[in-house]
Amino acid sequence: MKLIRGIHNLSQAPFGCVLTIGNFDGVHRGHQALLQGLGAEGRARSLPVVVMIFEPQPLELFAGQKAPARLTRLREKLRWLAACGVDYVLCVRFDRRFAAFTAQTFVSELLVDRLGVKFLAVGDDFRFGAGRQGDFLLLQKAGQKYGFDVTSTQTFFDGGVRVSSTAVRQALADDNLQLAEQLLGHPFSISGRVVHGDELGRTIGFPTANLPLRRQVSPVKGVYAVEVAGLGDTLYPGVANIGTRPTVAGVRQQLEVHLLDVVIDLYGRHIDVVLRKKLRDEQRFASLDELKAQIARDEVAAREFFGLSKPA
Ligand SMILES: Cc1cc2nc3c(=O)[nH]c(=O)nc-3n(C[C@H](O)[C@H](O)[C@H](O)COP(=O)(O)O)c2cc1C
Ligand SMILES: Nc1ncnc2c1ncn2[C@@H]1O[C@H](COP(=O)(O)OP(=O)(O)OP(=O)(O)O)[C@@H](O)[C@H]1O
């Protein structure tokens, strides 16, 4: 899969494609079903499959801090899109200038003149262009005018509910990891590069690897039994806290993971922390000793969950 960053790099894109457009946050089963159909269409037409995504996601520009929490960062989104057989991702920088494109300009200049779109699949609720003026009907009319086909994707349901990024966020907010995984079609994980922490963890006997969540608002909070992937073929069980660490007067949200039984220097490594079970909410403890005692109990709970006994 090839990534094209920004419309100024569109000369690297193929001319003539089957296309879809959206946020694809989480790359859930609805997205996967849509991409499967698009892949079949691409093969039938001998055309590459192109997905147009936006960075930041439009609501992150318009709503700022109030935007919904991200399920996947760009890096993970790209990994899942590649796994769905996408040939090219066009990642458009979503700024005020781009947002001001009228629906007509978006279609004629970008989709037709630059991408040579032959087939476009979008949901029937898809809106685009300045003031969200563009809709499915406008696309159909443009298709007739410029000679491309437009199709409304069949909605993918799970248990009578439309699978959506919003539904996954809700499942996570309800601590229903099982439902989130079912909607996503893969377990929910948080990824990032391990940075240096305050190194207080070692002094309390639980060394932790820290993943800053930066501007990202996490869709989950609390203490979890986790598995760490991205370190070769092995999954390492651990216990993690996602929060602000009120006991040590932390401010910024971060993920901290303590691996069970192994000591590996993770600084600088890119890891995926797969959330397996919520153990409790984050708390403010009166002392570090109390925090330490609680983390020891969290470790016991995680061991029980993974069926691991404490090594001698
Ligand atoms: C399993 C686990 C649970 C934790 N729970 C809490 C908590 O409930 N409240 C809190 O303030 N900090 C919690 N922490 C964070 C600790 O405060 C943190 O690990 C410690 O301050 C070390 O930070 P450092 O790695 O930046 O040095 C938890 C950490 C782990 C690994
Ligand atoms: N369950 C689904 N079935 C079929 N197509 C879907 C489904 N969910 C999303 N799509 C389509 O995938 C494309 C990208 O969707 P997008 O990520 O923007 O929205 P979403 O998953 O519905 O998220 P949100 O909850 O934020 O609305 C759109 O064309 C959308 O219509």
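Visitor: Before we start, what do buried, exposed and partly exposed mean here?
Guide: Buried means under 20% relative accessible area and exposed means over 50%. Whatever falls in between is called partly exposed. Bear in mind too that this is a predicted model.

Visitor: Good. Is Asp 175 buried, exposed or partly exposed?
Guide: Asp 175 sits in the loop between helix H7 (165-173) and helix H8 (177-184). Its phi is near 60 degrees, a positive value in a residue other than glycine. Relative accessibility is 37%, and buried stops under 20% while exposed starts over 50%. So Asp 175 counts as partly exposed.

Visitor: And Arg 245, buried or exposed?
Guide: Arg 245 is another loop residue, found between strand S12 (234-243) and strand S13 (254-259). Phi is positive here, about 55 degrees, although Arg 245 is not a glycine. With 18% relative accessibility against a cut-off of under 20%, Arg 245 counts as buried.

Visitor: Let's zoom out. How many helices and strands does the protein chain have?
Guide: The C-alpha trace spans about 70 × 35 × 35 Å along its principal axes. The secondary structure comes to 10 helices and 14 strands.

Visitor: What share of the contacts with a separation of 6 or more joins residues 24 or more positions apart?
Guide: A contact here needs heavy atoms within 4.5 Å. Taking those contacts in the protein chain with a separation of 6 or more, residues 24 or more positions apart account for 72%.

Visitor: How far apart are the centres of the positive and negative side chains?
Guide: The accessible surface comes to about 15800 Å², with 50% of it belonging to carbon and sulfur atoms. As for charges, there are 39 positive and 32 negative side chains. The centres of those two sets lie 5 Å apart.

Visitor: Which side chain makes a polar contact with the side chain of Glu 227?
Guide: Glu 227 belongs to strand S11 (residues 222-231), and at 14% relative accessibility it counts as buried. Leaving aside neighbours within four places in sequence, its contacts include Tyr 236, Asp 272, Arg 276 and Phe 306. The polar contact, at 2.6 Å, is with the side chain of Arg 276.

Visitor: How many disulfides does the structure hold?
Guide: A disulfide would need two cysteine sulfur atoms within 2.5 Å. The structure holds 0 disulfides.

Visitor: What covers the buried residues of helix H5?
Guide: Helix H5 (residues 103-114) has buried residues including Phe 106, Val 107, Leu 110 and Leu 111. Just after H5, Gly 116 takes a positive phi of about 55 degrees. The cover over those buried residues includes strand S2 (17-21), strand S3 (49-55), helix H4 (96-99), strand S5 (117-122) and helix H6 (136-146).

Visitor: Last one: which residues does a cis peptide bond join?
Guide: Look at the loop between S3 and helix H2 (58-63), where Pro 56 has its place. The peptide bond there has an omega of about -5 degrees, and the cis pair is Glu 55 and Pro 56.

Definitions and conventions:
Residues numbered from 1 in each chain as written. Chains lettered and ligands numbered in written order. Predicted model: local features only at pLDDT ≥ 70, side-chain atom pairs only at ≥ 80, totals over all residues. Heavy atoms only, no water. Helix = DSSP H or I, 4+ residues; strand = E, 2+ residues; numbered from the N terminus. Areas by Shrake-Rupley, 256 points an atom, 1.4 Å probe, with all protein chains shown as cover. Lys, Arg positive; Asp, Glu negative; His and termini not counted. Charge placed at Lys NZ, Arg CZ, Asp CG, Glu CD. Buried < 20%, exposed > 50% of the residue type's maximum accessible area, 1.4 Å probe, protein only. Polar contact = N/O pair within 3.5 Å; in protein donor to acceptor, adjacent residues only side chain to side chain.
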